[in-house]
Amino acid sequence: MPQTLATPIHSELIIKKSRFIGCVQPAANRAQAQEVVDQLWQQHPTATHICWALLAGGQSAAVDDGEPGGTAGRPMLEVLRHQDLEGVLATVVRYFGGVKLGAGGLVRAYTDAVAQALLNAEKIPLIVTVSVVCEFDYALEGRVRYALEQEGIVIKQVEHAQQVKVYFDVPQAQKNQLYEQMMAMSQGKASWSEA
């Protein structure tokens with residue numbers, strides 16, 4: 001079963017005067033990963049390289065950022081795959097220390113930066129959710145809110161128009177059961193769609 005991380009976790013290595021600052025953190029998609037990398041460049045404007053790897057929602061990426069091809073992003077990605085992680089971004093900020101490490105040395109350095117961070121990471125089961133919009137009569141609002149609360153589902157947004165529209169995320173495993181519950185409660189009059 002794939003896992004993700006509860007919180008970002010960091011590491012730092014010094015190898016032949018080069019500094020490698022590693023981080024592995026939750027990330028939902030490539031756009032979010034790119035935002036993190038952009039922020040790292042703002043925090044480390046004098047860094048030589050910021051390499052990264054992503055496994056999230058069927059998307060993957062392995063970016064060497066100027067290091068020789070296949071010596072940074074791909075090894076980092078393999079560490080994530082080996083750990084059976086999903087929904088995670090690994091980044092390594094490198095400050096060059098003046099001594100070249102060679103291809104093998106770079107692969108080891110980037111692999112170790114990610115692996116060291118993951119040694120102390122809190123891994124949690126990945127729960128796949130579906131975004132849902134449910135629309136129903138005003139008379140049912142209290143019952144629907146109570147039913148969602150009992151299932152541990154947090155309402156993201158509520159709209160009040162001719163009917164009430166409730167937006168929420170439901171774990172994939174609960175979706176069918178909750179749908180049936182909503183239909184029974186509304187006598188089949190509620191509408192339910194995935195957003």
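Ground rules first. The model is predicted, so local features need pLDDT of at least 70 and side-chain atom pairs count only at pLDDT 80 or more, while totals for chains, interfaces and linings use all residues. Residues are numbered from 1 along each chain as its sequence is written, and side-chain values use heavy atoms, with hydrogens and water left out.

Start with the record. UniProt, in an unreviewed entry, puts "domain: Impact N-terminal" at residues 16-118. The unreviewed entry also has "domain: UPF0029" at residues 134-189. Positions follow the numbering used here, feature names are shortened, and annotations may be inferred rather than shown by experiment.

Now composition. Residues 16-118 are 40% helix and 29% strand, with end C-alpha atoms 22 Å apart. Residues 134-189 are 38% helix and 30% strand, and there the end C-alpha atoms lie 11 Å apart. Helices (H or I, at least four residues) and strands (E, at least two) are DSSP runs, numbered from the N terminus.

On to the sheet. It is open, with 5 strands in the order S2-S3-S6-S4-S5, and the pairing is antiparallel. Strand S2 (9-15) and strand S5 (59-63) are the edges, each pairing on one side only. Twist averages 15° from one strand to the next. Pairing here requires at least two DSSP bridges between two strands.

Look at the S4-S5 end. Strand S4 (residues 49-56) runs antiparallel to S5, joined by 5 bridges. Trp52 sits opposite Val63 in S5. Leu55 faces Ser60 in S5. The two strands form a hairpin with 2 residues between them, and Gly57 in the turn has a positive phi of about 55°.

Next, the helices. Helix H2 (residues 73-82) lies across S3 (18-26), S4, S5 and S6 (88-95), at about 35° to S4. Helix H3 (residues 102-119) packs on the sheet, touching S2, S3, S4 and S6, and makes about 145° with the direction of S2. Contact means heavy atoms within 4.5 Å. Axes are lines fitted to C-alpha atoms, for helices over the stretch in contact, with angles from 0 to 180 degrees between N-to-C directions.

Last, the pocket. What is the space in the largest pocket? About 190 Å³, as filled by probe spheres set on grid points joined across faces, edges and corners. A pocket is an open set on a 1 Å grid over the protein atoms alone, for a 1.4 Å probe, with protein on both sides within 12 Å along at least five of seven lines; lining residues have an atom within 4 Å of a point. The lining includes Gly57, the hairpin turn residue, along with Ala56, Glu86 and Leu126.
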